[in-house]
Amino acid sequence: MKQHADKAADFLRNEARADWHDEALWFVRAKRDKATHGVPEWETLRELASGIKEHTLSNLDGYLEQFEANARQNGVYVHWASNAAEHNSIVHGILIAHEVKRLVKSKSMLTEECGLNEYLAEHGIEVVDTDLGERIIQLKGEPPSHIVMPAIHLKKEEVGELFHEKLQTEQGASDPKYLTEAARQHLRKKFLAAQAALTGVNFAIAQTGGVVVCTNEGNADMGVHLAPLQIHSMGIEKVIPRAEHLGVFTRLLARSATGQPITIYTSHYHRPKAGGEMHIVIVDNGRSAQLGRQGYRNALKCIRCGACMNTCPIYRRSGGHSYGYTIPGPIGSILTPGISLERYSNLPFASTLCGSCSDVCPVKINIHEQLYNWRQDIAKAGHLPVAKKQGMRWAGLVLARPKWYGAFGKLARWAIRRLPRFMLYNSLNLWGKGRDLPEPPEQSFKEWYHKNRIKK
Amino acid sequence: MKVGLFIPCYIDQFYPQVGIATLELLEKLGCEAEYPPGQTCCGQPMANTGCERDAIATYHHFIDTFQAYDHIVTPSGSCTYHVRKHYDIIEQTEAVKKVRSGVLDLSEFLHDVLKVSSLDSRFPHRVGLHQSCHGLRGLRLGSGTERVVEPNSKLEALLRLVDGIELVELSRPDECCGFGGTFAINQPDISVKMGKSRIADHESKGVEVLTAGDMSCLMHLEGIIRRQKKNIRVKHIAEILNGAPL
């Protein structure tokens, strides 16, 4: 399997495109900065949100049961799924019971995580993603590259080409307004024909038994209001204790995600519509294991704003697909090792540990510290490449011994000064791939100090 | 005031002038700076690669070398951060606690301990300040653009004491340069690309000299500058504060 470094190198081969990708995401980061700096109590809000999540995660069982009881009281069917397969088969079961052949979905990273679309397609059910970005990548047959802006890696010309092929728009058309209108007309038909609507969940309120979905396109409402059957899939970490806590999160979410003060739609679903049916599927899929991991549990505080991706200098220059998981970027790199330490062992290394992710995070997840800790766990579990492991063992031996260190340093300086360029710059020297080596001096600081301070 | 001087391994070997500038600057400001000759490294290269167990002997060596000093000053935010933050895996003896709380980045020491308010140095050039990440976000040497706090920067405050200096404003004032320790060789393509972006920002603002609190960032950036034959020089902040001619 190709590692992050290789996929990033592939992405960077088209440097102009990489620059465009970087700028597009930096633009969102800059919008975020502007929006957050307009809220003087921003840091207090972050602290509060982090605290509410901390408390909820520490009492998750109780709040989930409270949520379930209140939702049932509202006439909602509540289901529990311990993993992705269970989630998919529960959703499938509900759809079979209602003889549903056409389902519209509003954005849900959880169903991406569970592979629901593929599963339902195999069982003859048409699933249409109705978020514009999601629909674009669904038509293209690609996974999302970002959790908030799933098609951010595509240029408008490429979307125009895709729409020409799939939605019969004019050839060569790339005007965003024209393309959006075409998608709107196309989706309108799908909404009207749908027999069921499925949404993700941003927040589930234990006190009221209701779920809250934040969208900018109103597609969650369009789906839910038109179809007689509504299903909401949520991870166990989505619950918050009380309705009054919601405002803390909605103020943080959109500002962090896109720089908007709030998403255009904040939809509250508490009970089925007259004559309709409402189901909520609560999914674990590895989350309770994560909750049990000392030092990593607060990754579950994540509200999926994507700010850590927009700020990450590596994400911006490697594209989301380089991470090989539904949730890319810094947050993905601390969630994935919990799913498979071996498979995702390279992701915590796709970082310079610059710490920007932790500082933009609206719920104060210590992302860069967790990246550091995962590296330790990965090494302990024996998943480091042999060369790296041996190299570090030797470095550890040399750097603990002043005499070895002095001799080794002298040798390295001599080699860089004296060896011909072809011996210094070759495929073994990864530093030299795009950089020159330092020009080493005749004497080290230590030697200088000895001559100029001790001998004097 | 007596301080222990820690000169990080790569500065010792490749950039002795930075160590000399640090020492001279401390001496000028009335400190008695001692350089314990047995010193090597803080152990960060191993630890950041996931091998902190391989760094334990180096940690102990560092503690043994510096435990006699109340202040341990080093021209590196990154090494300071490492000792303060990550020496938690060894037994927390009195010596370990003393060293961890006594270690200070040079700018931090000048700004917070000596409270330097004037410098006898001149540097009449257009200078771009690269905010090295571990100093900025690890030691909070500055506010950073992510958080909503009163903007501040200890490095900038110190540089403003230098006569003739012209500090430029960057488009992205605190984006990482892409060095990241072993990241630089484990993910060389993206590391270099990040460095190129930073250099382009400085270049577009007409920067003559790019400075930082960490020479490791500058080693990486200088490597790219030299490979691409750009007309920008790099200097550690200690050299500028010490009044080194260009």
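Mentor: Let us look closely at a loop of chain A in this predicted model, namely the one between α17 (356-360) and α18 (367-380), where A:Lys364 lies. Although A:Lys364 is not a glycine, its phi is positive, at about 55 degrees. Most residues other than glycine have a negative phi.

B:Lys115 is placed in the loop between α7 (106-113) and β5 (126-130) of chain B, and it is exposed, with 7 other C-beta atoms within 10 Å.

For buried residues we can turn to helix α1 (residues 4-12) of chain A, in which A:His4, A:Ala5, A:Ala8 and A:Phe11 are buried. These residues lie on the same side of α1(A), because the arc they cover around the axis is only 120 degrees. An α-helix has 3.6 residues a turn, so residues three or four places apart point the same way. The cover over the buried residues of α1(A) includes α2 (15-36) of chain A, and also α10 (183-186) and α11 (188-204) of chain B.

That brings in the meeting of the two chains, where 59 residues of chain A are in contact with 58 residues of chain B. On the side of chain B that touches chain A, 28 residues are nonpolar, 19 are polar and eleven are charged.

How values were computed:
Residues are numbered from 1 along each chain as its sequence is written. Chains are lettered from A and ligands numbered from 1 in the order in which they are written. This is a predicted model: local features need pLDDT of at least 70, side-chain atom pairs count only at pLDDT 80 or more; totals for chains, interfaces and linings use all residues. A residue is buried if 20 or more other C-beta atoms lie within 10 Å of its own, exposed if 12 or fewer, and partly exposed in between; C-beta atoms are placed from the backbone. Helices (H or I, at least four residues) and strands (E, at least two) are DSSP runs, numbered from the N terminus. The arc is that of the directions from the helix axis to the C-beta atoms. Two residues are in contact if their C-beta atoms, placed from the backbone, lie within 7 Å. Ala, Val, Leu, Ile, Met, Phe, Trp, Tyr, Cys and Pro count as nonpolar, Asp, Glu, Lys and Arg as charged, and the others, Gly among them, as polar.
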